[in-house]
Amino acid sequence: MTRSDPAPARRYTGRVALITAAASGIGRGAALRLAREGATVVVWDRDQTLLDDLGGEARAEGLAIDPVSVDMMQSAAIAAAVQALIAQHGRIDVLVNNIGGSLHTAFRFLEQSEEDWDRVMAVNVTACVQTTRAVLPHMMAAGYGRIVNLGSKAGRFGSLFAGANYVASKGAMQAFTLQIAQEFGPHGITCNTLCPGAILTPRVESLLSQRKTPEERAQMLDGIPVGRHGTPEDIGAAVAFLAAEEAGFVNGATLDINGGQSMSI
Ligand SMILES: NC(=O)c1ccc[n+]([C@@H]2O[C@H](COP(=O)([O-])OP(=O)(O)OC[C@H]3O[C@@H](n4cnc5c(N)ncnc54)[C@H](O)[C@@H]3O)[C@@H](O)[C@H]2O)c1
C-alpha cells in the first residue's frame, strides 16, 4: 500500500461527524478521510469559496460531505448550526474541534496586545468549548460519542514560530480534554487530544516563510527524525483512529504526531 492509497477500512458507515473550520488544511484532510471510510461529514467553515470547492471535490468522489457556512465567532451561530445538523442528520457521533490558529499575532509575548490574547483564546478555546457544550447533550442521549480536540506540539513543548497566546490556548485544550474525558466517559463518550507538529497548510507555510530564514527552516527539518513535515493526510489518519468505535478504550489521551520532532527539542 502506498501513502496515496489510504486504508480500505470503512469504520464509519452510518456515523455522522462534525468537523469545525474544515474547508481547508488539517480539517479538510480529516473530513475527506472520515468520508472515505463511510461517514457523513458535516463541515463548518466561514469561507464560502473553500466550502464550495470541498463540496465539488466530495461530489466528484461520491462522498457524503455537507459543507455549511458558519462563523464560529458567534456563539448563537454555533448553537443554531448544531440544531440544524441534528434536524437534518439526526445524530452526531463524532466531533472534531479543529478550529484554531495563532491569527498571525506577534511571536514575542511583549509584542502581543491584550486583544491578540483575547482573539486567539476565542478561536482556539472558546469556540471549541461552545461547540462541545452544544454537541454533548446529543451524544449523551445516544450514549455514544467521540470527541477529538486539536492541541499542538506548541501546547506541549512551546513553539518555534507561534507566540505565548497560541501555546497557552493549545495547553488549555489539552487540559479541557482531560475533564471532558473523565466526566463523560461513563456516558460512552471519549475525548482525546491530537498534537500535530508543523503541518504545511497555507497558513503555516506563510508563517514559516515570514518568521524563519531558509537556513532555520532547514535546521527545523533536520530536527524531524522522519525527515519531512506532516500533511493533512497524516492527521486525518490519526483522527480516523481516535474517533473510531474500536478506539473506545482510548480516553483522555494526548497523541503527539510530529515525526518524532519532540524528541529533538
Ligand atoms: N497546521 C499546523 O501546522 C498545525 C499544527 C498543530 C496544530 N494545528 C491545529 O490544527 C487546527 C487546524 O489548523 P490548520 O492549519 O489546518 O488551519 P487553517 O488556518 O488552515 O484554517 C482552517 C479553516 O478555518 C476556517 N476558519 C477560520 N476562522 C473561522 C471562523 N471564525 N469560523 C469558521 N471557520 C473559520 C478558515 O476559513 C479555514 O478554512 C487548528 O486548531 C490548529 O491550531 C495546526
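In which sense do strand β5 and β6 pair, and over how many bridges? Strand β5 (residues 145–150) and β6 pair in the parallel sense, over six bridges; two strands count as paired if DSSP finds at least two bridges between them. Strands (E, at least two residues) and helices (H or I, at least four) are DSSP runs, numbered from the N terminus. The model is a predicted one, in which local features need pLDDT of at least 70 and side-chain atom pairs count only at pLDDT 80 or more, while totals for chains, interfaces and linings use all residues. Residues are numbered from 1 along each chain as its sequence is written, and side-chain values use heavy atoms, with hydrogens and water left out.

Seven strands make up an open sheet with parallel pairing, in the order β3-β2-β1-β4-β5-β6-β7. Because β3 (65–69) and β7 stand at the edges with a single partner strand each, one side of each has no neighbour in the sheet. Direction ignored, neighbouring strands of this sheet are turned by 20° against each other on average. Helix α2 (residues 48–61) packs on the sheet and touches β2 (40–45) and β3, contact meaning heavy atoms within 4.5 Å. The direction of α2 makes about 170° with that of β3; axes are lines fitted to C-alpha atoms, for helices over the stretch in contact, and angles run from 0 to 180 degrees between N-to-C directions. Helix α9 (residues 232–242) lies across β4, β5, β6 and β7 and runs at about 160° to β6.

Strand β6 (residues 189–196) is mostly covered, with eight of its eight residues buried. Buried denotes under 20% relative accessible area, exposed over 50% and partly exposed in between (1.4 Å probe, protein chains only). Ile-189, Cys-191, Thr-193 and Cys-195 are buried on one side of β6, and Thr-190, Asn-192, Leu-194 and Pro-196 on the other. Asn-192 of β6 is the bridge partner of Val-148. β6 also pairs with strand β7 (residues 254–257), in the parallel sense over four bridges, and there Pro-196 has Ile-257 as its bridge partner.

β4 and β5 pair in the parallel sense over four bridges, and Val-96 stands opposite Val-148 in β5. Asn-97 belongs to strand β4 (residues 94–97) and counts as buried because its relative accessibility is 0%. The side chain of Asn-97 makes a polar contact of 2.9 Å with the side chain of Thr-132. A polar contact is a pair of N or O atoms within 3.5 Å; within protein, one must be able to donate a hydrogen and the other to accept it, and residues adjacent in sequence count only if both atoms are side-chain atoms. Leaving out residues up to four places away in sequence, Asn-97 touches residues including Thr-20, Cys-128, Ile-147 and Val-148.

Val-43 is found in strand β2 and counts as buried, because its relative accessibility is 0%. Beyond its neighbours within four places in sequence, Val-43 is in contact with residues including Leu-51, Leu-54, Ile-65 and Val-68.

The ligand is surrounded by 28 residues, the closest being Ile-26, Asp-45, Tyr-166, Ile-199 and Arg-203; a residue is near the ligand if one of its heavy atoms lies within 4 Å. A polar backbone atom of Ile-26 is 2.8 Å from an oxygen atom of the ligand. An N or O atom in the side chain of Asp-45 is 2.6 Å from a ligand oxygen atom.
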